[in-house]
Amino acid sequence: MKPTNNKSISPLQLTFFIVQTQIGVGVLSLPYAVHTGGAGSDAWISVLLTGIIIQFLIFLFSKIGSRYPNCSLYDMFPITFGKYLGKFIILLYVVYFMLVAGLILILFNYIIEVWAFPRTPNWAFMIILASATYYLVVEKVRVIARFYTIVSILLISIIVLSLPVYTHFDIRYIMPIGQSGLLNIILGTKEAMLSLLGFEVFLFLFPFVEGSPKEKVVSASIANIIVTCYYTYLTFISLIFFSPEEFKLVPQPVLYLLNAFTYTVLERIDIVFLAIWMISVMTSLMTYIYLASVGLSNISSTEEHRKMVPLAIGCSIIIGLIPRNILSIERWSSTIGNLGMIFAIAIPILVFLSSFFVPKRKIEERM
């Protein structure tokens, strides 16, 4: 079905939609995860390499979108795999998105508990975050995209807050470049990819973006460049601030880094950063709740996704409330990350390969 005007977004809004989806909870632990994942002092190279890989995937996604004009990924499944199998795959995506949303709530609560409010119950922050999420997710995709565009300006403030690092860094911590070896750098891309997941939203928004396919690819590519540079920068400053031995002891290096500095007016920069970070967490959560609710409305043949938003949020909160310690959280994050590789990369590639066997007439009938 061709999207109506009130459901369409501009190429610029697509850029910030992808940016706000990718930059979320993982921004705090990405440098540590890539460093300990094998890349060591070359973690920043792994992040750059991951951005290049994602760029190739964006080009592939644009080819998929071109083969299925006016179809989101949800619409492609019944066309490619048949009605019943297609619906089942949509259901799997809905479950995956709810799991991701639940993981976001778990990690959010963990960070807030450790760094700011150790005595506040988890459910209190979940209700606050879920309420704000519900308020916006029930709206059309254009409204959500406008909000993402507005709050993206806050990302610049994080760069500003990190400037004091350059008075206390040691470039020797990353020397010589390439010391970890090519194999370890490549292994580090897996950890980086887990934090950069979210680019797959491009396939779901492709038919809702105004302009030509080329303009859509350019917008998604700009988003990828912004996110890759952003994560590379945070990884780089963390590597030149902490020694390799110190890095093993700081699971959230960005917060530890900011905690080391004070301004005349601001005593704890890390708390200011957390306030900004909460917005990024909420936007990521909004995207996954939106995708889950759209998937549910597709399965139930409901015209408006807003009726399914409470169900998507409720299931995510239940997942987020399951008691966990730090070890189980790490296992949970790893499991969801591995699922992300399947749902964000493997299945879309399968759709692309299968599309060559789908008659063009069948695609046109569903438009």
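Is serine 157 buried, partly exposed or exposed, and what is its relative accessible area? The model is predicted. In it, serine 157 has a relative accessible area of 23% and is therefore partly exposed. The cut-off for buried is under 20%. Serine 157 belongs to helix α8, which covers residues 154-161. Phenylalanine 273 is 116 residues away in sequence. In space, the C-alpha atoms of serine 157 and phenylalanine 273 are 8.5 Å apart.

Serine 162 is placed in the loop between α8 and α9. Its relative accessible area is 2%, so serine 162 is buried. With neighbours within four places in sequence set aside, serine 162 contacts Tyr233, Ile237 and Leu258. Helix α11 spans residues 213-241, and helix α13 spans residues 253-259.

Helix α2 was examined next. It runs over residues 30-39. Its buried residues are Leu30, Pro31, Ala33, Val34, His35 and Ala39. Several helices take part in covering them. Among them are α3 (43-67), α9 (182-196) and α11 (213-241). The cover also includes α12 (244-247) and α13 (253-259). Just after α2 comes glycine 40, with a positive phi of about 60°.

The packing of α2 on α9 was then described. The two axes come within 7 Å. They cross at roughly 150°. Angles over 145 degrees count as roughly antiparallel, and α2 and α9 are therefore roughly antiparallel to each other. The crossing of α2 past α9 is right-handed. On the α2 side, the contact is made by Leu30, Ala33, Val34, Gly37, Gly38 and Ala39. On the α9 side, Asn184, Ile185, Leu187, Gly188, Glu191, Ala192, Ser195 and Leu196 take part. By class, this contact has eight nonpolar, five polar and one charged residues.

The packing of α2 on α3 has its own geometry. Here the axes come within 9 Å and cross at roughly 100°. That angle makes α2 roughly perpendicular to α3. Helix α2 contributes Leu30, Val34, His35 and Ala39. Helix α3 contributes Ala43, Ser46 and Val47. The class count for α2 with α3 is five nonpolar, two polar and no charged residues. Leu30, Val34 and Ala39 are listed in the contact with α9 and also in the contact with α3.

Helix α4 covers residues 73-81. Seven of its nine residues are buried, so α4 is largely enclosed by the rest of the structure. The buried residues are Leu73, Tyr74, Met76, Phe77, Pro78, Ile79 and Thr80. Just after α4, glycine 82 has a positive phi of about 95°. A glycine with positive phi also comes just after α2, at position 40.

Glutamine 13 sits in helix α1, residues 11-22. Its relative accessibility is 14%, so glutamine 13 counts as buried. A polar atom of the glutamine 13 side chain lies 3.0 Å from the backbone nitrogen of serine 10. Beyond its neighbours within four places in sequence, glutamine 13 is in contact with Arg142, Ala145, Arg146 and Thr149. The spacing of such positions can be read against helix geometry. An α-helix has 3.6 residues a turn, so residues three or four places apart point the same way.

Methods: Residues are numbered from 1 along each chain as its sequence is written. This is a predicted model: local features need pLDDT of at least 70, side-chain atom pairs count only at pLDDT 80 or more; totals for chains, interfaces and linings use all residues. Side-chain values use heavy atoms; hydrogens and water are left out. Helices (H or I, at least four residues) and strands (E, at least two) are DSSP runs, numbered from the N terminus. Buried means under 20% relative accessible area, exposed over 50%, partly exposed in between (1.4 Å probe, protein chains only). A polar contact is a pair of N or O atoms within 3.5 Å; within protein, one must be able to donate a hydrogen and the other to accept it, and residues adjacent in sequence count only if both atoms are side-chain atoms. Contact means heavy atoms within 4.5 Å. Axes are lines fitted to C-alpha atoms, for helices over the stretch in contact, and angles run from 0 to 180 degrees between N-to-C directions. Angles under 35 degrees count as roughly parallel, over 145 as roughly antiparallel, 65 to 115 as roughly perpendicular and the rest as oblique. A crossing is left-handed if the near helix is turned anticlockwise from the far one by less than a right angle, and right-handed if clockwise. Ala, Val, Leu, Ile, Met, Phe, Trp, Tyr, Cys and Pro count as nonpolar, Asp, Glu, Lys and Arg as charged, and the others, Gly among them, as polar.
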